[in-house]
Every structure is written in structure tokens, then in C-alpha cells.
Amino acid sequence: MQFHHHGYVSGDPRVQPAAGVGIDRPQDLPDVVDVLIIGTGPAGMITAAQLSQFPGITTRIVERRPGRLAIGQADGIQGRSVETFQAFGFAQRITDEAYRIVEMAFWKPDPEDSSRIIRTARPEDDPAGISEFPHLIVNQARVLDYFAEFMKNAPTRMEPDYGFEFVGLEVDDHHEYPVQVTFQRTAGGDEGATRRVRAKYVVGADGARSKVRAAIGCTLSGDRANHAWGVMDALAVTDFPDIRRKCAIQSGEGGSILLIPREGGHLFRMYVDLGETGPDDDGAVRRTTLDQIIARANAILSPYTLDVRNVAWHSVYEVGHRLTDRFDDVLPEDRGTRTPRVFITGDACHTHSAKAGQGMNVSMQDGFNIGWKLGHVLEGRSPEELLATYSAERQVVAQNLIDFDREWSTLMAKRPEEFASPSELEDFYVRTAEFPAGFMTQYQRSLLVAGDEHQGLAVGYPIGKRFKSAPVIRVCDGVPLQLGHHATADGRWRIYVFADQAGSGTASGVASLADWLDSAADSPLGATPAGLDGDAWFDLKVVYQQDHTRVDITRVPALFTPAVGPFGLTDYEKVYAADPGSDIFDVRGVDRGGVVVVVRPDQYVAHVLPLTDTAGLAAFFSPLLGTSSGPRHRRAFA
């Protein structure tokens, strides 16, 4: 964490100085805003958290509830989400309070007595080392709390506006603030009153029954699996030995349980198989009582018993898989002719079962994706065309999720005798580990993702996939750390320069690239407006091949030790060397002739180029920086 560059900080360094709209931020919801977010679930809160880093943009997030969420239904936090939390500054804190999944037990009928269950396998949760980040279980409400804290500490001092229920919206593209949203107050002294707010853009994060989705005419399509599950968060006394371990349990009589231990050492969640539901069920299964769910759980767990002492929350649901036809308000026939003004995220776009633990995780990546794009467009960093990439990118991800969840939930509902092999369920769990961990997403070539002509120069950084961290040594102080962990959710592009073998000498490829970046007319850095720090829009880092003791930091190009803050202090923390114990050039397959890896603000690799391909770097960024105007930076690095 860096601070003091704006002056001595004696308090909490996570509290950034107020700036822009955060100075004297009005307590009441304004009549006119730049971005209006509907719903304070995970997708809405991460969108707001990302936009809270843009001081010149007025963003408000509204919620129909009168206050914060107390009990969240989602609880599974995959590795990719924890990686994202690292960028927002709370990965370690939430890990400390969460339950950590390191292995999963599979229980099946005893071949000698099918009325009893026995443990048959206990594979590691991440045997291949997909991520250095853990797989966690923690109450969704705590995730929202951390995002709320980040927003409140941000320059914009953002906080949710509670007690506003969405009623409808109208879009008038000829108006400066094209979207007029109507609310009804659900709390406060004016409860029941109607309120209208105008916005340049609206993000609907209002859940599976989204009124924003309905308002823009999006269609949900999909199917029901005609299978019901009871779910409960419970405190109980039991002789089942794996009550504190994630389990998939199949009984001889056909029922199944997915057991998820919860944070705190005592609470656990059980998804209890209630069986098939007919097409003429008419919702009868939803009237299953808590006592019936508990009785069913005891039958499946035989010969073990479950004495439930307290239930914090329970529900009954039927598995369904549905996806919207688009994630914004632009009809297919209007693509390319008008700018999206209304976007939908999370459960408003895609619904599926809870057992794959993907709903909250994928929803947050929806919000991370649209958040920085709105920030860049509204600040004039990028053209409006950028916004069309949101629906194009995220709809594919949602479809892949639904396909995966359909297969997983079908397997979970099978009777033991229906499996092709006795180990089919656990084999699927291990084989597909990268997908539920959140690391299979790979965006296709677009305005934001380059072609793979130079992919061979850095095979460990697949273009379109998230930037996978690796150990390095910080040159200025010899501290070992993870390269990717220094990237924060500040809306900046990142350019990682992997040096050639010449090291920090003046004749190196790094020196030539740095000179071009700092002075060439077509350098992307020239788009940074005058008056800002030289690294305000682009975060550049260099990684040398030599041992850190052999890198002369005084000979490193000044581009990588920029002057920051009002005092022009030198930032020494952008210069790294390979870790001898785990050389990043070998670990990530980086060519030792030197490579540039461009990473988007949401941590996905956008381009891989050789050090010498300045024309390719300029061509990639040119359409992304097309609308920025005003004085440019030149020689802005000290």
C-alpha cells in the first residue's frame, strides 16, 4: 500500500483524500447524475466501488431496502473473486474471517449396506495450483460491507441511497441526461412518494426479478430442471465426521446433499435434495417446511444424525437456467447505430442453481467489467463504442456458466446407480476445477483484445484471459512479492515490460521503448491530460531478468520511477527483478528477448508484443483513446 505522497498520513491509510464530487458530497440523492446503479447486490456494489475511483463522475447507487443486507443467500467466493478483492484492498481481511475450502469429501452408499453412507474420496480443492488465492465461504453481506467501506473511503465518498424502489425508466437519446428513472420511496419521512432522477447511464443490478430488465425489453430464456432443493444455514450437533468439510453426499435411497461449512467454525449450509417435481406441481414443493427439510437431511445422512439447534435462513428452490438475449438496451438491429444507455448485470442477466457457487462470483465480474468502461467513457479517456463490448463479452461468459451449471446440477441430482462410473462425480469436480475457480474466462478479439500473433512470446499470459500473477523481487528494497498483487482497482491500464537480457543499461530494449513511450507523438501515454501525474492513466512496471542486486535503479529509465503527488515524489515501486527461486520468465513462458504485456483495468490481458513493436502498441491504443482532448503530457516523468 502506498500513501504519504500527498503529505503525512497519521490515520487509516485506506481513506483516500476526498476529491471532485466527493468534496461536500450531497447527502440526498441528486436530480441529475452521471451513473445511476439500481441494486446493492454484489454486481451493483462492485460497479459502484470501481466508479468511486473516478472523482469527476457523479455516481449514486440506490436500494429498495431501508438499510444494509443482514443475511445474504450467496456465500461461495472463488479464487478469481479473491484476486479481485486484492485489487480493492480487502482480500486478506475477508480471508481471515472466511471458511477456507482446501479439499472436498465424496460420500456414497456402502456397497455392503446401501442404507449407510461411507466416504469414498477426498480430493484437494485445487490440486493443480490454479491460483495463489484461496477458495472461501463467507456471508454475501460481508462482501457488500467491504465494498461499501472501499466506496466510502474513496475520493468520491460514495454511500448507498436506501429506500428507493425502481418503478420504470424512459430513454431520450436527445437529452444530455438521456435516462429518466422513476422511483417510489420505501423508507423515510416521504415513504410512498414518487421521485424522478435523470442519468447519462443506468446499471440495473436488481436481481433475478429485475424490473430494469423488463423496462428495456430484455427476454429471459431457458429451462427448468424440474428438480427441487431445500437449503438451510444451520447450527447443529451431529456425529457426521465431515461436518466441517465441503461434501457431496449421495444416499442409497437416492437423495443427495451438498454440504458447505460456513465461516465462524460452527455454521454450515446444506442443499438437501427434495426430488423431482412434475410439470403440474404448481409450486407445491415450495411449501416444504423446515422440519421436512431437516427430516430429509437425516434420512440421507444415515447412519449419522443431525440435531439442528438453530437455523439462520432457509428456502426451497427449483433449479432453473435462464439467460437474457442481451445485457443492454440496444436492440440487435440497432447495434452500431446508438450508444447503450442502460445495462443489466448479475442475476438480472443470468440465473442458475446455487450449487456451483458461481452466481455472486460471475455477477461481480459483470460489475467490474462495466464499471471501468463507464468511467473511461465519462472521463473522455475512451469513445462510447467501448460500452458495446460489455454485452458482447459478458453474455458469452454467462452462457458458459449456465452450460457448466446444468451439467454439475444434473450430476448432483443423479441416483448412485445412474452414474457411468463410481467416480464420475468426483472426476468431474477435479477435471473442471479451473472453471468454478473463475479462471476460464477468455474474451475474444475486439476493440479491447488484440490478436494472438505474438502470443508465443508470453505463453503464460493468454490474450483475453486474466493476468496470472507470479513471484518477483522489488528492486528498491529486495522485498519478495506477487507481481499482480500491486495492481489496484483504480481504473488504470497496466503495461508490464519484461526486460531483455541487456538489463538496466542505456543500450537496452527497455531504454528504447521507454524513450518512445515518453516522447513519441503516437505514444498512448500522450493521452494523459496535463496537470495529472504522469502515471495517472497508465501504470507501467518493468521486470528485469537479473538478480535484484545487479539491477542499478539509478540507470532504470525514469518512466518506471515517476514523480507522483503534489510534491513530485519518486515512486520506486514499479521496478522488479525475477525471483531466483521462481523465475517469472520461466514460470510464465516469457521470451527473454523482451516482451510487453498490456493488461486492462479489470485485470485481463489485452495484448502481447515484442519490445520493439511500438507501432503495434500505438495501433492498439489509438481507437481506445480517440475522444480525449486537451493538452497532453510530454516528458512528464521525473
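## A buried tyrosine to start with

Let's begin with Tyr 271, which counts as buried because its relative accessibility is 4%; buried means under 20% relative accessible area, with a 1.4 Å probe and protein chains only. This is a predicted model, where local features need pLDDT of at least 70 and side-chain atom pairs count only at pLDDT 80 or more, while totals for chains, interfaces and linings use all residues. Residues are numbered from 1 along each chain as its sequence is written, and side-chain values use heavy atoms, leaving out hydrogens and water.

## Rings meeting rings

There are 25 aromatic pairs in the structure. Rings of Phe, Tyr and Trp (its six-membered ring) pair if their centres lie within 6.5 Å; planes under 30 degrees apart count as stacked, over 60 as edge-to-face and the rest as tilted. Tyr 271 and Tyr 317 make an edge-to-face pair, 6.4 Å centre to centre with 90° between the planes. That pair links distant parts of the chain, since Tyr 271 is in strand 15 (residues 268-276) and Tyr 317 in strand 16 (residues 306-324), 46 residues apart. Strands here are DSSP runs of E with at least two residues, and helices are runs of H or I with at least four, numbered from the N terminus. Tyr 317, at 15% relative accessibility, counts as buried too.

Phe 620 and Phe 621 are also edge-to-face, because their ring centres are 5.1 Å apart and their planes sit at 75°. Elsewhere, one aromatic cluster takes in Phe 85, Phe 88, Phe 90, Tyr 146, Phe 147, Phe 150 and Phe 368.

## The nonpolar cores

A nonpolar core is a set of buried Ala, Val, Leu, Ile, Met, Phe, Trp, Tyr and Cys residues joined through side-chain atoms within 4.5 Å. The largest one has 159 residues, and Leu 36, Phe 498 and Val 597 have the most contacts inside it. Helix 8 (residues 388-413) brings the largest share, 10 residues. A second, separate core has 24 residues, including Met 232 and Ile 257.

How many cavities of 30 Å³ or more does a search of the whole structure find? The search finds 3. On a 1 Å grid over the protein atoms alone, a cavity is a set of points where a 1.4 Å probe fits but cannot get out, and lining residues have an atom within 4 Å of a point.

The largest cavity has a volume of about 160 Å³, counted as the space filled by probe spheres set on grid points joined across faces, edges and corners. It is lined by 19 residues, with Phe 467, Gly 484, Ala 487, Tyr 496 and Gln 603 closest to its centre. Helix 2 gives the most to this lining, with 3 residues.

Key: Buried means under 20% relative accessible area, exposed over 50%, partly exposed in between (1.4 Å probe, protein chains only). On a 1 Å grid over the protein atoms alone, a cavity is a set of points where a 1.4 Å probe fits but cannot get out, and a pocket is an open set with protein on both sides within 12 Å along at least five of seven lines; lining residues have an atom within 4 Å of a point.
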